[in-house]
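Please open the structure in a viewer and keep the sequence at hand.

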Amino acid sequence: MSEGAVKKEEKPRKFQAIRGTRDLLPPETTLWNRVEQTAHEVFSTFGFGEIRVPIFESADLFARSIGAETDVVSKEMYTFEDHPAELPPQPIMGEMPAHIKEIGRLMESGIIPRTEANVNSLNRLNSFIEEMYPLGEKTFENAAQKWMEFFFYLDGIQLGDQVTLRPEATASVARAYIERGMHTWPSPVKLYYMGPMFRRERPQKGRYRQFYQIGAEVLGGTDAPAIDAEVIEMVMTFFDRLELQGLQLDINSIGDRNCRPKYVELLRAELLKVKDKLGPDSQRRIETNPLRVLDSKLESEQGIIATLPHIANHLCEECAAHYAAVKHQLEMRGVIYRENWRLVRGLDYYMRTTFEITAQGLGSQNAVCGGGRYDGLVELLGGPPTKGIGFAIGEDRLILSLQESGKAPAQQGRDVYIAWMGERAHATAIRAAKVLRKADFSVELPPVEQKFGKALGQADKLGAKYALILGDDEVSEGLWTLKTLADGSQAKYTEPDLLDHLRKSKAVSS
Ligand code: HAM
């Protein structure tokens, strides 16, 4: 079949970005870059260094850190089995013993994970083979039940590790802290990161399946309340620098291992009394995580929630003192906050200080930053007892809010469009483009000759400030014509004078 015939028969499939993911295009990406550049600048003034952690990690890392019962882990993670490259091929019956032996070898060498479940399955498969194969293939027909069991265990062998696209980065940073021995660094260790995260949530404005966070973590050292306050001050300074509008900082303390369990029990008891009046989600959470009921946005539950006991009245002495000191430290830094006793956050690793920041123009998904203290997380992951606190900003939402308040940059036009005609002028145009770009001007050099009229139209469309006109006359005279597109005026310059003129007018306009 000729290529043409293929094209006629099969209409090529049009691909679309996966639901909940999106392309970021210019000029919007200019704003993304400005936001990220500002984060680099502000965070480094607070002594933070950048860490880059992998996009995928062991699924267990997130389950353990964030908590198996949380929405993120139980419903939203992108997890897949990472198959080894050399998988044994599917065998015919007679070759099954060799196949099982091969699986055993791959497990021995660590290519197939040696998990407890895998070792158990392999043992069962081996016993089956030892029992059945010596009896000859005729006995197979009467052993349907045993074969079903055999394939159940064979299919159940986990051929690769379970890996997850990171839904957040705190767990990864804690893992890296342990793995890279950062407890031996001068403490506290102050790190920040930015990049994509993945959660299978229902997409809507400000909520995506691939979204971007800019986050920071302080690990090790003390749990001095000044650290909590300084981390919050840093994120507020960053937002201020970007002129983000309508900010509201909410803070709370959710206690620690001493006092929280007692409060959670009290809350559970109170919730059980009103169980019938709650929706199905909250009813389920009475068992799994009563604190999350406080998070509920359901209109019908608000009256009931308002009557529940406040955690502030049930903090142990140490937690109450820590919370009071954090508030004092915020006041010393001039950071305006609101106490919100219902702010519990959706991830299990938090203790004591929690905070959230909302911004304007975002509708229901208005949390632009969330964070808190997580002493104990590093220990939970097998490291030494370590204090920790941090936050993550939703960069997509931050950008949306800036756009809504008119802070988005307009399409960036070129500085100079080079309108050239003739071979000699082309050579001069290439040289001119090189010189101007070296001096940091944005230059459009058309690849093919254009009539001057068309070139000027094109320069206009691209929002160019100037058209540099190069024809035979200009090249012979060594004088280049510069047209200012805003007013149509034009003048002739020598090469050095032109650069000088452009530099001066750039300095005036910026
Ligand atoms: P988080 O509250 O799950 O915390 O996420 C932080 C921020 O990420 C949210 O406030 C929101 O702005 C943004 N975000 C979350 N999910 C989405 C989504 N599907 N689409 C768009 N934006 C989203 C954490 O991730 C913690 N690791 C923060 C932290 C760091 N705590 C201590 N250190």
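**The whole chain**

Begin with the entire chain displayed. Of its 510 residues, 46% count as buried, where buried means under 20% relative accessible area, exposed means over 50%, and partly exposed lies in between (1.4 Å probe, protein chains only). The model is a predicted one, in which local features need pLDDT of at least 70 and side-chain atom pairs count only at pLDDT 80 or more, while totals for chains, interfaces and linings use all residues. Residues are numbered from 1 along each chain as its sequence is written, and side-chain values use heavy atoms, with hydrogens and water left out.

Next, colour by secondary structure. The chain has 19 helices and 16 strands; these are DSSP runs numbered from the N terminus, with helices being H or I of at least four residues and strands E of at least two. Contacts, meaning heavy atoms within 4.5 Å, can be sorted by sequence separation: among those with a separation of 6 or more, 71% are between residues 24 or more positions apart.

Now show the surface. Its accessible area comes to about 27,100 Å², and 51% of this belongs to carbon and sulfur atoms; the area is from the Shrake-Rupley method with a 1.4 Å probe.

**Aromatic pairs**

Select the rings of Phe, Tyr and Trp (for Trp, the six-membered ring), which pair if their centres lie within 6.5 Å; planes under 30 degrees apart count as stacked, over 60 as edge-to-face and the rest as tilted. How many aromatic pairs does this rule give? The count comes to 13.

Go to tryptophan 32 and tyrosine 212. Their ring centres are 5.3 Å apart and their planes stand at 75°, so this pair is edge-to-face. Tryptophan 32 belongs to helix 2 (residues 28–45) and tyrosine 212 to strand 6 (residues 210–219), so the pair ties together parts that are 180 residues apart in sequence. Tryptophan 32 counts as buried, at 4% relative accessibility.

Another pair to select is phenylalanine 150 with phenylalanine 151. The ring centres are 5.3 Å apart and the planes are at 90°, so the pair is edge-to-face.

Then select Phe43, Tyr192, Phe238, Phe239 and Phe391 together; they form one aromatic cluster.

Move to glycine 371 in strand 10 (residues 367–373). Glycine 371 is buried, with a relative accessible area of 0%. Apart from neighbours within four places in sequence, glycine 371 is in contact with Arg345, Tyr350, Thr354, Phe355, Gly390 and Phe391.

Continue to glutamine 329, which sits in helix 13 (residues 317–332). Glutamine 329 is buried at a relative accessible area of 18%. Which residues does glutamine 329 contact, leaving aside its neighbours within four places in sequence? They are Pro225, Ala226 and Ala229.

**Backbone details**

Most residues other than glycine have a negative phi, and most peptide bonds are trans.

- Select proline 26 and proline 27: the peptide bond between them is cis, with omega near 5°. Proline 27 lies in the loop between helix 1 (3–9) and helix 2.
- Select serine 187 and proline 188: they are joined by a cis peptide bond, with omega about -5°. Proline 188 is in the loop between helix 8 (170–179) and strand 5 (189–198).
- Select glutamate 243: although not a glycine, this residue has a positive phi of about 60°. Glutamate 243 lies in the loop between helix 9 (225–241) and strand 7 (248–253), and at 45% relative accessibility it counts as partly exposed.
- Select arginine 352: phi is near 50°, a positive value in a residue other than glycine. Arginine 352 is found in strand 9 (residues 351–358) and counts as buried at 9% relative accessibility.
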